[in-house]
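Here's a quick briefing on the fold you're about to look at. Have the viewer open and follow along.

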Amino acid sequence: MAALDLLGRRWTLRVIWELHRHDTPIGFRDLQRRCDDMSSSVLSTRLTELREADIAGRTPDGAWQLTPLGEDLVTAMGPLSEWSRVWAERRW
């Protein structure tokens, strides 16, 4: 339930997606822009939560990236992503 609570928070999945999709560490401001300019306070909160859950971490230069556990999460969400694609095609 704790994982579902974390993943269900607004913007959390978007942050994970952006960190995964670029596959290289990304700075805070670039991540904020890629997340449709979400507020810095919300992004900071989500990144702190993801860091505390060992899903995201910082590089020595302060950029953000997914941890191995975070990458495992993205892999585990693969079937849901596929289901979502099929669902969207049927709806539209």
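The largest pocket has a volume of about 230 Å³. A pocket here comes off a 1 Å grid over the protein atoms alone: it is an open set of points with protein on both sides within 12 Å along at least five of seven lines, each point taking a 1.4 Å probe, and lining residues have an atom within 4 Å of a point. Grid points are joined across faces, edges and corners, and the volume is the space filled by probe spheres set on them. Keep in mind that this is a predicted model, where local features need pLDDT of at least 70 and side-chain atom pairs count only at pLDDT 80 or more, while totals for chains, interfaces and linings use all residues. Residues are numbered from 1 along each chain as its sequence is written, and side-chain values use heavy atoms, with hydrogens and water left out.

**The pocket lining**

- Two elements, α2 and α6 (78-91), each supply at least two of the lining residues; helices (H or I, at least four residues) and strands (E, at least two) are DSSP runs, numbered from the N terminus.
- The biggest share of the lining comes from α2, with four residues.

**The nonpolar core**

- The largest nonpolar core has 18 residues, and Val 15, Ile 16, Leu 19, Leu 31, Leu 50 and Ile 55 touch the most other members.
- The elements giving two or more residues to this core are α1, α2, α4, β2 and α5 (68-76).
- A nonpolar core means a set of buried Ala, Val, Leu, Ile, Met, Phe, Trp, Tyr and Cys residues joined through side-chain atoms within 4.5 Å; buried is under 20% relative accessible area, exposed is over 50%, and partly exposed is in between (1.4 Å probe, protein chains only).
- Setting aside residues up to four places away in sequence, Ile 55 touches Leu 6, Ile 16, Leu 50, Gln 65, Leu 66, Thr 67, Gly 70 and Leu 73, where contact means heavy atoms within 4.5 Å.
- In soluble globular proteins, nonpolar side chains tend to be buried together.

**Helix α4**

- Which residues of α4 are buried? They are Leu 43, Arg 46, Leu 47, Glu 49 and Leu 50.
- These cover an arc of only 160° around the axis, so they sit on the same side of α4; the arc is that of the directions from the helix axis to the C-beta atoms.
- An α-helix has 3.6 residues a turn, so residues three or four places apart point the same way.
- The partners packing against the buried residues of α4 are α1 (2-7), α2 (12-22), α3 (28-34), β1 (56-58) and β2 (64-66).

**Arg 46 and Thr 12**

- Arg 46 of α4 is buried, with a relative accessible area of 14%.
- Beyond its neighbours within four places in sequence, Arg 46 is in contact with Arg 9, Arg 10, Trp 11, Thr 12 and Val 15.
- Thr 12, in helix α2, is buried too, with a relative accessible area of 0%.
- Outside four places in sequence, Thr 12 contacts Leu 6, Leu 7, Arg 46 and Leu 50.

**Helix α5**

- Gly 70, Leu 73 and Val 74 are the buried residues of α5.
- They take up an arc of only 100° around the axis, which puts them on the same side of α5.
- On the face turned away from that buried side, α5 carries the exposed residues Pro 68, Asp 72, Thr 75 and Ala 76.
- The buried residues of α5 pack against α1, α2, β2 and α6.

**Loops**

- Asp 23, in the loop between α2 and α3, has a positive phi near 55° although it is not a glycine, and it is exposed at 60% relative accessible area.
- Asp 54 follows α4 in the loop between α4 and β1; its phi is positive as well, near 65°, and at 43% relative accessibility it counts as partly exposed.
- Gly 27 also lies in the loop between α2 and α3; Gly 27 and Gly 62 are 35 residues apart in sequence and 7.1 Å apart in space, C-alpha to C-alpha.
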